[in-house]
Amino acid sequence: MSNVLIVSGHSDLNDSVANKEILERLSQLLPQAQIDYLDRLYPNYQIDVAAEQAKLEWADIIVLQFPIFWYAMPSLLTRWIETVFIHGFAHGSRGRQLQGKKLVASFTSGAPAELFQRQALGFEIEDLLLPLKGCCKLCGLDFAGFIYTGGVSYQLRVDPQKLTLIKEKAQEHAQRLVELISRLNIQ
């Protein structure tokens, strides 16, 4: 069984429904996985680089779990990548510690999935992953795919029926992610 590291990149998981539900479900479905809650560990954005690099060295499969904020990853997750995936560790002539590891993007958006289609905004949801795919290429990571769920806006949580729907979507998202990780374990 591969070592699975799930990095929660939400900047305030207490203010989340979908991402919080996904992570809770993953902790049940993948009890052997390590979940790294960046908002709890680094509320001040002061990343412990050595500790995070050690987790990445341990991992075979790295899952980044995050919501899309303004068409990008949350600033805390971006900061984590900026400070941890440094030259000499993740890339460069001596930076080979991430090579061959698999990276999965697992993300949500408050906006409906239909909005992220070429005819609506001029691009597809996968286009938002281009910087992450570039990072994988630079670092020798294998971009192993993504799991996406749209239409889980926190604004909908005031309606009990919509809140139930968000939680159901999040649980289904977690199940699809577990299935992807299981396929990666077989390869």
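**Reading a parallel sheet and its surroundings**

Visitor: Over how many bridges do strand 4 (residues 102–108) and strand 5 pair, and in which sense?

Guide: First, the general idea. Strands of a sheet pair through backbone hydrogen bonds, either parallel or antiparallel. Now the case here, in a predicted model. Strand 4 and strand 5 pair in the parallel sense, over 6 bridges. To find the place, look at Ser 106, which stands opposite Ile 147 in strand 5.

Visitor: What is the strand order of the sheet?

Guide: The order is 2-1-3-4-5. This is an open sheet of 5 strands, with parallel pairing. Strand 2 (34–37) and strand 5 (142–149) each have a single partner strand, so they stand at the edges, with one side left without a neighbour in the sheet. On average, neighbouring strands are turned by 20 degrees against each other, direction ignored.

Visitor: Which strands does helix 1 touch?

Guide: Helix 1 (residues 18–29) packs on the sheet. It touches strand 1 (4–8), strand 2, strand 3 (61–67) and strand 4. The direction of helix 1 makes about 150 degrees with that of strand 3.

Visitor: What joins strand 1 to strand 3, and how does strand 1 pair with strand 2?

Guide: Strand 1 and strand 3 run parallel and are joined by 5 bridges. There, Val 4 stands opposite Ile 61. Strand 1 also pairs with strand 2 in the parallel sense, over 4 bridges. On that side, Leu 5 has Gln 34 as its bridge partner.

Visitor: How are aromatic pairs read, and how many are there?

Guide: A pair of aromatic rings is described by the distance of the centres and the angle of the planes. The count here comes to 4 aromatic pairs. Take Phe 66 and Phe 107: their ring centres are 5.5 Å apart and their planes are at 10 degrees, so the pair is stacked. Phe 66 lies in strand 3 and Phe 107 in strand 4, so the pair ties together parts 41 residues apart in sequence. Phe 66, Phe 107, Phe 146 and Tyr 148 form one aromatic cluster.

Visitor: Are Phe 66 and Phe 107 buried or exposed?

Guide: Buried means under 20% relative accessible area. Phe 66 is at 1%, so it counts as buried. Phe 107 is at 0%, so it counts as buried too.

Visitor: At what angle do helix 3 and helix 4 pack?

Guide: An angle of 65 to 115 degrees counts as roughly perpendicular. Helix 3 (residues 49–58) and helix 4 (residues 75–84) pack at about 90 degrees, with their axes 10 Å apart. They are therefore roughly perpendicular to each other. Helix 3 contributes Val 49, Glu 52, Gln 53 and Leu 56 to the contact, and helix 4 contributes Trp 80, Thr 83 and Val 84.

Visitor: Which residues does Thr 149 touch?

Guide: Thr 149 lies in strand 5. At 7% relative accessibility, Thr 149 counts as buried. Not counting residues up to four places away in sequence, Thr 149 touches Phe 107, Thr 108, Ser 109, Lys 169, His 173 and Arg 176.

Note on methods
Residues numbered from 1 in each chain as written. Predicted model: local features only at pLDDT ≥ 70, side-chain atom pairs only at ≥ 80, totals over all residues. Heavy atoms only, no water. Pairing = 2+ DSSP bridges. Helix = DSSP H or I, 4+ residues; strand = E, 2+ residues; numbered from the N terminus. Axes fitted to C-alpha atoms, helices over the stretch in contact; angles between N-to-C directions. Contact = heavy atoms within 4.5 Å. Phe/Tyr/Trp six-rings, centres within 6.5 Å; stacked < 30°, edge-to-face > 60°. Buried < 20%, exposed > 50% of the residue type's maximum accessible area, 1.4 Å probe, protein only. Parallel < 35°, antiparallel > 145°, perpendicular 65-115°, else oblique.
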